[in-house]
Amino acid sequence: IADRREGIGVCGWILVSLSFLLVLISFPISIWACIKVIREYERAVVFRLGRILSKKAKGPGLILVLPCTDTFIKVDLRTVTCKIPPQEILTKDAVTTQVDGVVYYRIHSAVSAVANVTDVHSATFLLAQTTLRNILGMQSLAQLLAGREEIAHSIQAILDSATEQWGIKVARVEIKDVRIPVAMQRAMAAEAEAAREARAKVVAAEGEMNASKALKQASVVLAESPAGLQLRYLQTLTTLAAENNSTIVFPLPINMLESLGQKNRGG
């Protein structure tokens with residue numbers, strides 16, 4: 001509100017004087033019409049002959065208004081919860097989503113909230129809807145799903161700067177839910193499943209490679225110690241006998257089988 005140095009004028013002072021005189025004449029009956037009670041969480045913006053009486057709202061407690069010349073508007077200073085209904089948004093990567101959210105704000109300047117905007121709550125609600133659609137329309141689906149907190153902070157900063165002249169302080173913005181089409185959900189699930197299968201194959205291949213390296217090292221050790229191979233054979237027989245004692249395995253060297261084959265061909 002711009003500063004105005006001009007007062008209410010001569011006629012205004014005459015009307016105010018008459019109103020004050022009427023209060024004195026009808027006292028103490030008129031005092032009940034002049035005294036108003038403002039609660040702790042409220043402030044009163046008083047108008048005298050259409051002009052705001054002071055740059056600061058009155059209250060809490062008892063305030064005095066003159067009949068006929070003074071009117072007042074109560075403003076609630078408590079935090080307001082503004083629920084943004086689901087908004088259908090086309091993301092940056094051309095995916096249609098539905099997003100809803102919640103905005104928490106309060107009035108910190110009752111005079112600005114009354115004098116600078118017609119309906120401060122409706123204006124804040126519509127601005128929150130528009131800002132949500134504009135900000136989310138510049139994000140991809142992956143950014144929207146992964147960066148909710150950063151997006152909420154950017155929306156809060158934009159709303160706070162835009163509603164400053166309305167006497168509004170935006171305390172918090174939260175994105176409640178992001179709904180995507182069923183077909184897109186199936187595609188994302190298939191993509192995630194394929195990624196998990198690819199990672200599983202990589203892990204299995206790494207395990208096979210490590211096992212091959214270990215077997216190679218074991219073969220080198222057994223080649224250096226023939227008695228170690230015999231001990232390994234006896235340990236294997238012990239393991240088989242413990243599990244299934246009707247099965248006995250006799251390993252034969254491959255070179256022995258090759259020599260038997262050569263004798264059969266020679267005969």
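Visitor: In which helix is Phe20 found?

Guide: The model discussed here is predicted. Its helix spanning residues 9-25 takes in Phe20. The element that holds Phe20 is helix α1.

Visitor: Is Phe20 buried, partly exposed or exposed?

Guide: Burial requires a relative accessible area under 20%, and exposure one over 50%, with partly exposed in between. Phe20 has 43% relative accessibility, and therefore it counts as partly exposed.

Visitor: What is the accessible area of the nonpolar surface patch that includes Phe20?

Guide: The patch on the surface is formed by Val10, Ile14, Leu15, Leu18, Phe20, Leu21, Leu24, Ile25 and Leu49. Phe20 itself belongs to helix α1. Together, the residues of the patch have an accessible area of about 880 Å².

Visitor: How does the reach of α1 stand against the expected span, and what is that expected span?

Guide: Helix α1 has 17 residues, and the expectation is taken at 1.5 Å a residue. From the first C-alpha to the last, α1 reaches 24 Å. This is close to the expected span of 24 Å.

Visitor: Why do the buried residues of α1 lie on the same side, and what arc do they cover?

Guide: The buried residues in α1 are Gly12, Val16, Ser19 and Val23. They lie on the same side of α1 because the arc they cover around the axis is only 60°. In general, an α-helix has 3.6 residues a turn, so residues three or four places apart point the same way. The arc asked for is 60°.

Visitor: Against which elements do the buried residues of α1 pack?

Guide: Val16 is one of the residues of helix α1, and with 8% relative accessibility it counts as buried. The packing partners of the buried residues of α1 are a helix at 31-34 and a strand at 42-48. These elements are α2 and β2.

Visitor: What distance separates the C-alpha atoms of Val16 and Pro67?

Guide: Val16 lies in helix α1. Along the chain, Val16 and Pro67 are 51 residues apart. Their C-alpha atoms are separated by 9.1 Å.

Visitor: Which strands are linked by the salt bridge between Asp70 and Arg48?

Guide: The side chains of Asp70 and Arg48 meet at 2.8 Å, N to O. Both Asp70 and Arg48 are buried. The pair links distant parts of the chain, 22 residues apart. Asp70 belongs to β5 (residues 70-76), and Arg48 to β2.

Visitor: How far apart are the closest N and O atoms of Glu174 and Arg172?

Guide: Glu174 is partly exposed, with a relative accessible area of 30%. Arg172, at 47% relative accessibility, also counts as partly exposed. Glu174 and Arg172 form a salt bridge whose closest N and O atoms are 2.6 Å apart.

Visitor: Against which elements do the buried residues of α4 pack?

Guide: Helix α4 (residues 120-137) has 18 residues and reaches 26 Å, close to the 26 Å expected. Its buried residues include Val120, Ala123, Ala128, Leu132 and Leu136. The elements against which the buried residues of α4 pack are β6, β7, α3, α5, α6 and β8.

Visitor: With which residues is Phe125 in contact, leaving aside its neighbours within four places in sequence?

Guide: Phe125 has its place in helix α4 and is partly exposed, with a relative accessible area of 26%. The C-alpha atoms of Phe125 and Ile84, 41 residues apart along the chain, are separated by 7.4 Å. With those neighbours left aside, the residues in contact with Phe125 are Cys82, Lys83, Ile84 and Pro85.

Visitor: What share of the residues in the protein is buried?

Guide: The protein has nine helices and eight strands. Of its 267 residues, the buried share is 26%.

Key. Residues numbered from 1 in each chain as written. Predicted model: local features only at pLDDT ≥ 70, side-chain atom pairs only at ≥ 80, totals over all residues. Heavy atoms only, no water. Patch = residues over 30% accessible without salt bridge, like charges linked within 9 Å, V, L, I, M, F, W, Y side chains within 5 Å. Areas by Shrake-Rupley, 256 points an atom, 1.4 Å probe, with all protein chains shown as cover. Salt bridge = Lys/Arg side-chain N within 4 Å of Asp/Glu carboxyl O. Helix = DSSP H or I, 4+ residues; strand = E, 2+ residues; numbered from the N terminus. Buried < 20%, exposed > 50% of the residue type's maximum accessible area, 1.4 Å probe, protein only. Expected span 1.5 Å × (residues − 1). Arc of directions from axis to C-beta. Contact = heavy atoms within 4.5 Å.
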